[in-house]
Amino acid sequence: MHVPPFITIPQARQIIRDHVKPGRVEQVGLVEALGRVAAADLRSDINVTPFDDSAMDGFALRCADLAQASQDSPVDLVVVAHLGAGSVFDGTLAPGQCARIMTGAMVPTGADAVVRIEDVALPSEDPGAGGVGEAVRFVKPVALGTAIRKAGEEAKAGDVVVKAGQVIGAAGVGLLAACGNLEVPVYAKPRVGILSVGSELTSASQVPEPGMIRDSNSWAMRANVISAGGIPVFYGQIPDDYQQIKDAYQRAAAECDLVVSTGGACMGDFDLTGAVLAELGQVHFHRVNMRPGKSQPFGMIGDVPAFVLSGNPAASTVGFELYVRLAMRILEGHSQLDRPTLTAHIASDVRKKDPRLFMERGFLTQTDDGRLQVELFRKQSSALFGALHQANCLVVIPEGLEGLSAGDPVTCVLTCADESVPLRSTFDGGLSR
């Protein structure tokens, strides 16, 4: 039997980058675009704001009127308008006039500064004093443009306000609304076909018969797909039967943007999924020099990426994290493809009897003196979900047989943080570029 060679994590991730391309583009409503990647430059149709407006509550006036104002020689101006947000003064301020104005209101023609209300002497202590027809007093000059937000300060008509490739956040939604973009082109959420392979699997709703286990992987895969921004499509539990696996793969590849299966990834007598992938498409790697999950073929069925992950729950989830999530982010148009990594000090000794690179489940904390420390969970079995559920990072234990001593620096992949967080360690294990 031919045994495919091992490749490294960096090599595997680079192969995925080389073969997976950005996916479909769709036009969606603005709120639906939240968290999605813009597929084109988005421009403003108007100046934002469309007019000069007041940055505070106060009085709009002509700077020249206050040029000689002082405590000894105050200047009185007559209020000719009371302007709230949305109101407009039809005239032009003449010398000796001012307008009482509220934040956000359009600055009247002729005014070139706003003096905040706290710096103005009103005719009386009545909060309503200083209305239209009354005089208010100023005791110092004001600089040109004070407290005026200029038209087009956010954007001018025709300006690109969101660039192609940028993720649209909540503030981006508001910006696009202000600029008239209520329907926007974004990369589509990839439809991810999920196959759960194994004759030993039974529904999670049933108590397993002897020799059977509940299918938990498909539930974890659906959750992983949603957390990575995709739409999961489950094709059921499939026994270790070549034709049934092939039929399910063909259907998923025809209906989805990406296919991921769990189970049948190794080279045992009943591990058939890798062979199915080889028949239907082109396999670009089979085995990665890592633990958990050394056997996890990746290939393309036409232009659809396909991943065969381990049937062991922790191994399949780590495989998703390192490889499937990467492919999904490419399909979604993201430019930031890697989880943030940082260096921490390991809390206890690590013994190592396997030369593969380990991706151990860990919990990162900060000590009272500001030192970053990571503790590995005791149970690191590839068959267990528990440590992954509690972990906030994957800890990289390098290739080789040498272990680590407490206090040694290690690289931690922050599975609790989005790829957009700009943290990188100096270790290039394929987890940073």
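A residue counts as buried when its relative accessible area is under 20%, as exposed when that area is over 50%, and as partly exposed in between. In this predicted model, D52 has a relative accessible area of 24% and is therefore partly exposed. The side chain of D52 meets that of K150 in a salt bridge, with N and O 3.0 Å apart. The two residues belong to distant parts of the chain, since D52 sits in the loop between strand 3 (42–43) and strand 4 (53–54), whereas K150 sits in the loop between strand 10 (148–149) and strand 11 (160–162), 98 residues apart. K150, at 47% relative accessibility, also falls into the partly exposed class.

This pair is one example of a salt bridge in a structure that holds 17 of them. Another joins E360 to R291, where the closest N and O atoms are 3.7 Å apart. Here too distant parts of the chain are linked, with E360 in strand 23 (residues 357–366) and R291 in strand 19 (residues 290–291), 69 residues apart. The two partners fall into separate accessibility classes, because E360 has 6% relative accessibility and counts as buried, while R291, at 27%, counts as partly exposed.

A further salt bridge connects D338 with R13, whose closest N and O atoms lie 2.4 Å apart. Because D338 is in the loop between helix 6 and strand 22 (341–346) and R13 is in helix 1 (residues 9–19), this pair ties together parts separated by 325 residues in sequence. Both D338 and R13 are buried, and together with R17 they are linked in a network of salt bridges.

The structure holds 1 cavity of 30 Å³ or more, and the volume of the largest cavity is about 90 Å³. Its lining comprises 11 residues, and those nearest its centre are R13, E321, L337, D338 and R339. Helix 6 (residues 313–331) gives the most to this lining, with 4 residues. By class, the lining residues divide into 5 nonpolar and 6 charged, with no polar ones.

Elsewhere, the reader can follow an open sheet of 5 strands, which has the order 8-5-7-6-9 and mixed pairing. Its edges are strand 8 (113–116) and strand 9 (135–138), each of which pairs on one side only. Neighbouring strands of the sheet are turned by 40° against each other on average, direction ignored. Within the sheet, strand 6 (residues 75–83) and strand 7 (residues 97–101) run parallel and are joined by 5 bridges; H82 has R100 in strand 7 as its bridge partner.

Conventions:
Residues numbered from 1 in each chain as written. Predicted model: local features only at pLDDT ≥ 70, side-chain atom pairs only at ≥ 80, totals over all residues. Heavy atoms only, no water. Pairing = 2+ DSSP bridges. Axes fitted to C-alpha atoms, helices over the stretch in contact; angles between N-to-C directions. 1 Å grid on protein atoms, 1.4 Å probe; cavity = no way out; pocket = protein on both sides within 12 Å on 5 of 7 lines; lining within 4 Å. Points joined across faces, edges and corners; volume = space filled by probe spheres on them. Nonpolar A, V, L, I, M, F, W, Y, C, P; charged D, E, K, R; others polar. Salt bridge = Lys/Arg side-chain N within 4 Å of Asp/Glu carboxyl O. Buried < 20%, exposed > 50% of the residue type's maximum accessible area, 1.4 Å probe, protein only.
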